[in-house]
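Okay, thanks everyone for coming.

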Amino acid sequence: MNDLDEPVFKSLFGETCEKCFGYRISSPLSEPDSKHLSSKIFDQTGLVIGAKSLKNYSLYIAPEKNKEAKRENPSIATLDTLARYVLDAPYTDEIKRQEDESDYPYWFQYRSRYADKLSRKKNFITSLKKSSFLYIFGLAIVLGFYLFKVINEKEAKGIFTDNFNSVTSDSLLKNGWFVKSPDTTSWNKRNVLPGHLTLYTLRGDNWPLDENRAVIRNLLMRKIDLDCFVVEIHLTNFIPGENWQQAGILLSEDSTFSGKMIRLSISYNDFFGGYNKPPEIIIQAISSSESGSKSKPEEIAQFTLFSLEPANKSLIQKNLANSALKIEKNGTHFRFLYTAGSSESFTFKEVAKGDFNIKPGFVSIFSMAGWSDHENIIPVHFDSFSMDRIDCSIGIQ
């Protein structure tokens, strides 16, 4: 790869990571993320780029790269594979590509598109400079906007609220969200209730079971840049009706379920170890003591909200008209809280608290049905999500 192609490659690799993870990388890829990216590229294109090569590319081009990192030049075949992934090219394999597309057209298509963007940018700058007044005026606006943004971000760092008044892809991306493992059919129905994000209880779990790999469909995820924070979700009319339908908050060390995790959810339970009892709606908190793929989940707390007896049906519907979950984290100390009632004015109650050796890098909102084979998929309406910073010097009681 010559020096003229290097900025094109950096742009291409950045778009590749953004498509896979939902954001541009700011540091070299971890080994699990490199393997995940390699798998995603193969699943979509039918072509192989090794995880080690992807990690080496990221070591060289990441903004926070190691200054000692040695440049590994990708072959034109590799560049074409990355371009095929970014441009959603048809599935193929190495033999078919050599037979039908040995000229690597997708790499040259991407490079041409990059050149067009660069040309338009240069033309824009040139036309702007033709008028010194417009140039100075425009510079003043940009500088003012930048200063305004910096001041506001400094004041509000770590504070975020989303009332889901708009759940278009652009709005979610603008607000820092990215979706993992989308199920196209149900994801396209996320706006069925105005002012809410609607997810569905599809089969899956963030812990694997037997032949089932860890996956949660339509998992909505965002990065965490705080050590001490409180995160909260509000739900409307969520009443799970089958094992293990649930919805809630997931904290994870990485975006691929390979690190430690903590989960708080409203869930359905009808497993009592052989005892004959009515099903329940519960608040459940679960964690993993080591990386997610190496350990079984550990239950932190299980609190019964309602016993699902026929006489309680109308009362349960009334009390689950509005429900909310909250996780507070101060260093290694966590609190898990919930509220439910006919209005949103009910106070939070503590379910559990404790110290856990996990530093989450991502927070997600989710709905799922676990590994149950039941087909009764129900909607989960998320009314709002919020995150706020906590003063780390003040311990959680």
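Let's start with strand 2 and strand 4, which pair in the antiparallel sense over three bridges. If you want one spot to look at, take Lys180, whose bridge partner in strand 4 is Leu219. Oh, and before I go on: this is a predicted model.

Those two strands belong to an open sheet of seven strands, in the order 2-4-13-6-7-8-9, with antiparallel pairing. Strand 2 and strand 9, residues 298–307, sit at the edges with a single partner strand each, so one side of each has no neighbour in the sheet. From one strand to the next, the twist averages 20°.

Now, the pocket. The largest one has a volume of about 1200 Å³. It's lined by 40 residues, and Lys180 turns up again here: along with Cys20, His36, Lys40 and Ser181, it lies nearest the centre. Which element gives the largest share of that lining? That's helix 2, with seven residues. By class, the lining splits into 18 nonpolar, 12 polar and 10 charged.

So what does helix 2 pack against? The crossing is right-handed. On the helix 2 side the contact is made by Glu31, Ser34, Lys35, Leu37, Ser38 and Ile41, and on the helix 3 side by Ala51, Leu54 and Lys55. That contact has four nonpolar, two polar and three charged residues.

That's my tour, happy to take questions.

How values were computed. Residues numbered from 1 in each chain as written. Predicted model: local features only at pLDDT ≥ 70, side-chain atom pairs only at ≥ 80, totals over all residues. Heavy atoms only, no water. 1 Å grid on protein atoms, 1.4 Å probe; cavity = no way out; pocket = protein on both sides within 12 Å on 5 of 7 lines; lining within 4 Å. Points joined across faces, edges and corners; volume = space filled by probe spheres on them. Helix = DSSP H or I, 4+ residues; strand = E, 2+ residues; numbered from the N terminus. Nonpolar A, V, L, I, M, F, W, Y, C, P; charged D, E, K, R; others polar. Left-handed = near helix turned anticlockwise from the far one by under 90°. Contact = heavy atoms within 4.5 Å. Pairing = 2+ DSSP bridges. Axes fitted to C-alpha atoms, helices over the stretch in contact; angles between N-to-C directions.
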